[in-house]
Amino acid sequence: MSGAAHSPLPMEALGAYLRAQGLAGAADAVQATPLSGGQSNPTFRVTAGERQYVLRKKPSGPIAASAHAIDREYRVMRALQGSGVPVPRMLAYCEDESILGTPFYVMEFLQGRVFMDPALPGLQPAERGELYREMGRVIAALHGVDHVAVGLGDYGRTGQYVQRQIDRWSRQCRALTVPVDPTMHQLMEWLPAHLPPGDETTLVHGDYRIDNLVFHPTEPRVIGVLDWELSTLGHPLADLSYHCMAWNVPPALWRGIGGLDLAALGIPSEAQYLADYQAATGREMQGHWAFYMAYNLFRMAAILYGIAQRAVDGSAASADAVETGRKAGPLAQLAWEWAGRHSAG
């Protein structure tokens, strides 16, 4: 009835759970295979007879209290069912650790296309443009969700999101023992002194990029936004500028399209992409975009320095952690260039 003897999950317990939830028939063979994607929460494709699901669980072993918050992932995707933001259907959430060893949830398996390279190699220019416009439509829809109305009014703190993020990553940087590019210290001084006026709170994804989207198998349509682990309540332009780092970072440095011939590829320029977002949301970013880009590049550099620190401490999960850490300095320098553009403004 269950999967292979070397299955990564206790299949008998999983099969019994799925049957109890009505997600598997009495005679269905239940199997699970690991899926890539999601940096930290183990993710599996589960088959029960003819039916297919995705299962995400917390990793085993001791973890920080706020990390791997799969309950938040499940909650936000469930809240977004039926909204303008396409998400997989949530089917079951289980806190009972006796079944798989950690809490887990089960959701619909989406049959579609996931693009790992934002340059979209192998596609026609017209199709690339359509996919990018759809990606922009979805993030505009996300930032238009009434988070209180969908039951997410307490999903995060309201207000001062960017300031709190700058404080958080500055504290982490000051605690590092690995060498840090001098521009990081300049940014830690510059960013709090140049916070844009006004504030706004919306639902934010926190990691919105093309490889976290599932597109329809043949149409230029997003059928699911995945990996909500970093989602919270925050500033929409902080979320948008994180997403738009791709236009400003070259492929050799990070997942980016910076320096590519976008017109030849059929990919909209950053200016066009932002104009479409502004038309959809009414949000003005004039005069503040350079700040938000500097902030996000600083934040990404801080995250990478943290990975480098863990590599030195011997606790990094990824084999390429040292190489990842080396990218922090160039990102910090790029952030400082953007800070200069803001000041020149």
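Hi everyone. A crossing of two helices is called left-handed if the near helix is turned anticlockwise from the far one by less than a right angle, and right-handed if clockwise. Keep that in mind for helix 5 and helix 10, whose crossing is left-handed.

A quick word on where this comes from. The model is predicted, so local features need pLDDT of at least 70 and side-chain atom pairs count only at pLDDT 80 or more, while totals for chains, interfaces and linings use all residues. Residues are numbered from 1 along each chain as its sequence is written, and side-chain values use heavy atoms, with hydrogens and water left out.

Let's start with those two helices. Helices here are DSSP runs of H or I with at least four residues, strands are runs of E with at least two, and both are numbered from the N terminus. Helix 5 covers residues 161-174, and its axis comes within 10 Å of the axis of helix 10, crossing at roughly 35°. Those axes are lines fitted to C-alpha atoms over the stretch in contact, with angles running from 0 to 180 degrees between N-to-C directions.

Which residues of helix 5 meet helix 10? Among them are Y161, W169 and S170 from helix 5, and on the helix 10 side the list includes F291, F298 and G306. Contact means heavy atoms within 4.5 Å.

Let's zoom in on S170 in helix 5. Is S170 buried or exposed? S170 is buried, with a relative accessible area of 3%; buried means under 20%, exposed over 50% and partly exposed in between, using a 1.4 Å probe and protein chains only. Leaving aside neighbours within four places in sequence, S170 is in contact with M188 and F298.

Over in helix 10, residues 289-313, we find Q309. Q309 is buried too, at 9% relative accessibility. Not counting residues up to four places away in sequence, Q309 touches L176, T177 and V178.

Now for the nonpolar cores. A nonpolar core is a set of buried Ala, Val, Leu, Ile, Met, Phe, Trp, Tyr and Cys residues joined through side-chain atoms within 4.5 Å. The largest one has 88 residues, and those with the most contacts inside it include W228, L240 and L297. Helix 10 gives the largest share of this core, 15 residues. There is also a second, separate core of 20 residues, with L9, V30, Y53 and F104 included.

Last topic: aromatic rings. Rings of Phe, Tyr and Trp (its six-membered ring) pair if their centres lie within 6.5 Å; planes under 30 degrees apart are stacked, over 60 edge-to-face, and the rest tilted. How many aromatic pairs does the structure hold? The count is nine. One of them is the tilted pair of Y74 and Y93, at 5.4 Å centre to centre with 40° between the planes. Y74 sits in helix 2 and Y93 in strand 4, so this pair ties together parts that are 19 residues apart in sequence. Y74 is buried at 10% relative accessibility, whereas Y93 is partly exposed at 25%. Ring pairs also link Y74, Y93 and Y105 into a cluster.
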